[in-house]
Every structure is written in C-alpha cells, then in structure tokens.
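Reader: Could you walk me through how to read the helices and their contacts in a model like this one?
Author: Gladly; let us look at it together.

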Amino acid sequence: MRAFFDMGGYAAFVWPAYAVTFAVVLLNIFWARRALERSRAEARRRLQMQREVS
Amino acid sequence: MNWTWFHRLASPPHVYALAVRLTPWFAWPAALCIAAGLWGGLVLAPPDYQQGDGFRIIYVHAPSAWMSLMVYVTMAGAAAVGLIWRIKVAHAVAASCAPIGASFTFAALVTGALWGQPMWGTYWEWDPRLTSELVLLFLYLGYMGLRAGIEDPQRADRASAVLAVVGVVNVPIIHYSVTWWNSLHQAPSVMRLGKPAMPLAMLVPLLLMLLGFTLFFVALLLTRLRGEVLARERTASWIREVVRA
C-alpha cells in the first residue's frame, strides 16, 4: 500500500496530475448541470412574463 | 433510405427530448470505463522500464489531450454546419463544446507540465507541441470571450463560428508537431500507423480511459446542449412542457 502511494518516487507528480484531471472532470459535471439549470430558470421566467402580459 | 431521423436533428424540441433520453446511456458507461481504466492503469499495468511509475501520468494526460483536440474538431464541425445551413441546433452544439474543451486543454497542459518536470527536467518549454496546445487554450478562451461579448445571440453564433472554423488549422499543427519538428515531446504511441508502441497491460487501460473520456464528453455535451437549445427558443410552446417544474 505504501509503495502504491509512493509511485516509485514520482508521487509528487503522479498524484497532482490525477487530482487536477479529476477536479476538471467533476467541475465539468457541476458546470454543465448549473448551465442547464440556469437556462431552465430563465425560460420559466420568460414564460411567466408572457403570461402576465397576455 | 429514410432520412427523417437526420432532418429531425435540426428540430429543437426533438433534440431536447433526445438529449434527455440519451444522457444516461453515455454517462454510466463513461463512469465504468474510467473506473476500469484507473484500476488497470494505476494497479495492474507494470511500471515502465525507463520512466518507472512516473509514466502512469499518461492515463490522465493522454485522455485530456485527446479531449482538447476531439472537442475542438466537434466544435468547428458544428460551427461550420451552423454557418452553412443556418441550423440553430448546430450553433448550440458548438457553444456547448467550448467550456468542456477549454477545461480539458487546461488539464492536458497541467498534467503535461507535471510529467515534463521529472522526465525532461522542466515544467515548461516553448516547444512546438506545448506552444500549439497553449494556442488551442487561447482559441477556446477567445471563442468564449467573443460569444460573451456579443449581446445578440444570432450574431454571437455566427461570429464565434467563424473563429472556431478558422482556428481548426491549429489541430493538425498540434497533432503533427512532434513529427514535423524536433520536439521534446515524445512521438505518438497509440495514434500512429501500425502497432501501438506499448504492451497490452499498459495499452488496454489507456484505451479504456480514452473511451471513457469520450463518452463523458458526449454526456456533458448533451446536458449543455439542452440549456443552449432552451436559450435560443424564445417563444416556442414546447418549452412550456419541458420547464414545468
């Protein structure tokens, strides 16, 4: 187990590389969902306004 | 041959419904491939005879770099379709690609720097491969900045599409930079003519990661596409159905 985390002495490079990549993966999930949620909220607001006008 | 399915891809309500239905079919296989690829790459693959365990950075670096290029080609292709046939959905696809591509280009640059330091003795060098990949990041950021700077969505679509299409010349430059010039960066070991230059125990996890990231891109694209399609439809009545909370 110790040897696994040590990565043959390359731990200081291997693990940050994995951390950055998975941060980007998770952020992409978060950003994509947030973008969709914002568009849906915006569409709801527009429909609401149309209803009030008519 | 019946081409209705193809023509329906230009119809916003159809595309929205299709995206809802297809997303899980890409997201879950992506998660499985990435999990298996990580296990294979970090645990099962033997250390490299020259780079020891340092080579394992390849399992995040190569998929990120692949994404940076594949997403750009998708974006430019969609932008071209949008420009030529004036299809709104195509512009929505292009706009959805940019933030995904930019973030993975960033990941490719950072993981590359972390690989460069132990193997080449430097985090950064103004090398053809590294420099052209940095230009790719600026192309993505320029595309997003241009879109953000134009108020009218149709003008933003057209102007940014021109930038995306022109910028595609950078893609072959990145890909062939390591063979055209004497670069620090190693030559391709998977995407080359003939056999991959890697034993199977190293290659299979890499292919799983590449496939997993590609499927993940499609799931992200479908999610973002729904938002972009909604934003382009001002008055259509189908919107009422899909946003009813």
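Reader: Which residues of α5(B) meet which residues of α7(B)?
Author: Start with what a contact is: two residues are in contact if their C-beta atoms, placed from the backbone, lie within 7 Å. By that test, P128(B), R129(B), S132(B), E133(B), V135(B), L136(B) and L139(B) in α5(B) meet N170(B), I173(B), I174(B), S177(B) and V178(B) in α7(B). Sorted by class, the residues of this contact are 7 nonpolar, 3 polar and 2 charged. Here Ala, Val, Leu, Ile, Met, Phe, Trp, Tyr, Cys and Pro count as nonpolar, Asp, Glu, Lys and Arg as charged, and the others, Gly among them, as polar.

Reader: Before we go on, what should I know about the model and its numbering?
Author: This is a predicted model, in which local features need pLDDT of at least 70 and side-chain atom pairs count only at pLDDT 80 or more, while totals for chains, interfaces and linings use all residues. Residues are numbered from 1 along each chain as its sequence is written, and chains are lettered from A and ligands numbered from 1 in the order in which they are written.

Reader: At what angle do α5(B) and α7(B) pack?
Author: Axes are lines fitted to C-alpha atoms, for helices over the stretch in contact, and angles run from 0 to 180 degrees between N-to-C directions. Helix α5 (residues 128–149) of chain B packs against helix α7 (residues 170–180) of chain B at about 160°, with the axes 8 Å apart. The two are therefore roughly antiparallel; angles under 35 degrees count as roughly parallel, over 145 as roughly antiparallel, 65 to 115 as roughly perpendicular and the rest as oblique.

Reader: And how do α4(B) and α8(B) cross?
Author: The axes of α4(B) and helix α8 (residues 200–232) of chain B come within 8 Å and cross at roughly 125°, so this pair is oblique. By class, their contact has 11 nonpolar, 1 polar and 4 charged residues.

Reader: How many helices and strands does each chain have?
Author: Helices (H or I, at least four residues) and strands (E, at least two) are DSSP runs, numbered from the N terminus. Chain A has 2 helices and 0 strands. Its radius of gyration is 22 Å, well over the 10 Å that the globule rule gives for 54 residues, so chain A is more spread out than a compact globule. The radius is taken over C-alpha atoms, and the rule is 2.2 Å times the number of residues to the power 0.38. The C-alpha atoms of chain A fill a box of roughly 70 × 15 × 10 Å along the principal axes. Chain B has 9 helices and 0 strands. Its radius of gyration, 20 Å, is close to the 18 Å that the rule gives for 245 residues, so chain B is as compact as a globular protein of that length.

Reader: What does each chain bring to the contact between them?
Author: Chain A gives 25 residues and chain B gives 32 residues. The chain A side divides into 16 nonpolar, 4 polar and 5 charged. Within the model, helix α2 (residues 11–53) of chain A packs against helix α4 (residues 88–120) of chain B at about 175°, with axes 9 Å apart. They are therefore roughly antiparallel. Among the residues that meet are F13(A) and W31(A) in α2(A), and F104(B) and W115(B) in α4(B). This helix contact has 16 nonpolar, 5 polar and no charged residues.
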